Amino acid sequence: MNQVAQVMQFRPQQRDSRSAVLDHAANELIFAVVGHVGSGTSEVAKTLESLLKTASGGVPAHDVQVFKASNLISEWAVTVGKQPPALVNGKKTLQIVETFQDLGDDMRKGTDDFAAVARAFAVRVRKLRAERLGVPVTSSEPILPDGSPRAYILDSIRHPAEVELLRHIYQDAFVLVGVVCEESIRLKRVTSKYPDAGRTKALEFMRRDAKAVQKHGQRVSDAFHLSDFFLDNTEERYRDDGSANPDWDVPDRLSRLVKIIRHAEIVRPAQAETAMHHARAAALRSACLSRQVGAALLDRTSNVIATGCNEVPRAGGGVYGESFEKDDSDDHRCAYRYVEGHTKPYCSNSQEQTEIVNTLLQQVADIVTLGDEQRTELQSLFRSGAIGSLLEFSRAVHAEMDAILTAGRAGTSTVGTRLFVTTFPCHYCARHIVSAGIDEVQYIEPYPKSQALDLHSDSIQVTAAKWTVPSQFSLTRVVANETPTRSRPKVLFRPFTGVAPRLYGKAFAKDRELKDGTSGELTIGQPDWGSPWHLRRSSYAQLEADLAEGTDV
């Protein structure tokens, strides 16, 4: 036997690369639910738990555990000597919930960690996994999953930092579910649920929940738009008489999400999901220094007729960045534009705001003497007020305007179209949307600076109930035995629901065989290199070591 043969005889059996990767699959899923107070996140979490606990399409059931954020906060409070509030006659009051808000703020501030609640969730997941596996928990050793299908749900997210932490930890296995609910319905739920909550107190409670002044406070509005999947929970689960409401479709919506994740059935995108995917793709073209916004305009048959992004207009039509022939010397977007007197490119809107603030400060200084501390305080006050909300000094065409103008240059009518935009339209865009004859707008991210609803309440509505579609409106309609009446159509502005753009590719890509190679019959196979929701149970460094096993290295 030669030397090479002798070495091969005693070398450990080398696994193929694919097997090594699949052996590292954790087979765990992590969900979190986010929604403004009154939206019903707990109901959504319970429904999701029930669906995951049920086997479907040959996919085994998951072992599921729901963690409530309030319980995690209570546990932290006890460790630092704070007393969590007790229920009143077995029920929560608004005062109790506000105390939990205070404790949550203290937890984030006291630990100097805005993601403190999500961190506590991760610690509890680790501890529960150890209990399931029957292994001791030590502070330094990882608790490796055993490959059994498990799912963990956090009810609920209240700060964007919590989302970022969970995405970094659990990567592709993390799914954030955003719960949409009309504000009027949420207000009704809050006032009816908490006997000590009048309208005024309830509204203040809701405002604090959406976006507290302190950075360590609740910032649900900032976390909500980071969702992977949106569903509407405006409908009540039960009618006033206690009977089931057939219009409550949360289980159906969540069932579709579970099917997408499990690949038990073939699920393909809805028209709205594809449209918002186009809008998000358009947003990525923008080089705006403030934000990226995208829009997609659909005709009556749901074909995309134009897209747009917030970008600087270019002479001859359109905006910069759309040419296939890239010429850096001819790109005058703010990110690449050097103006005499400035050492760096800059945002014209921010620059103009600063000049207005400085002018006001000088006018105040002409009247009273300002110390350095007073000047800094006033500067911050002016910047955070109405001046900081000014929009008109931006050089960019907004995404909605870009899409409308693109359709116009092509001679395509915008009457009866639907607009999908990643951010709620500003009041400038709102007037163009109404004037263009657009029927409906769907959006993901809120835009607090917008005054669209206040300025155009005669032409815009935010509830789908009793909506008169503008393009299908007739000025006169004859009702039996009545004189012709006039109805007022309005453009519907409503939140987007469904698979979010960030999840679109992973949710709908064909990553496995869908038919039998001989008969051609539908047969859903397994992806060669694991699920798109794959989470490694060990580090990439350990995977490298496993791949090196049996080699000469």
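Aspartate 172 is partly exposed, with 40% relative accessible area (buried is under 20%, exposed over 50%, partly exposed in between, using a 1.4 Å probe and protein chains only). It pairs with lysine 506 in a salt bridge at 4.0 Å, N to O (a Lys or Arg side-chain nitrogen within 4 Å of an Asp or Glu carboxyl oxygen). This is a predicted model, where local features need pLDDT of at least 70, side-chain atom pairs count only at pLDDT 80 or more, and totals for chains, interfaces and linings use all residues. Residues are numbered from 1 along each chain as its sequence is written, and side-chain values use heavy atoms, leaving out hydrogens and water.

- The structure holds 30 salt bridges.
- Aspartate 209 and arginine 158 meet in one of 2.3 Å, N to O.
- That pair sits 51 residues apart, with aspartate 209 in helix α9 (199-210) and arginine 158 in the loop between β3 and α7 (helices are DSSP runs of H or I, at least four residues; strands are E, at least two; numbering starts at the N terminus).
- Aspartate 209 is buried at 2% relative accessibility, and arginine 158 is buried at 13%.

**Within helix α9**
- Arginine 207 and glutamate 204 form a salt bridge at 3.1 Å, N to O.
- Both lie in α9, three residues apart, about one turn of the helix.

**Salt-bridge network**
- Asp102, Asp105, Arg108, Glu162 and Arg208 are tied together by salt bridges.
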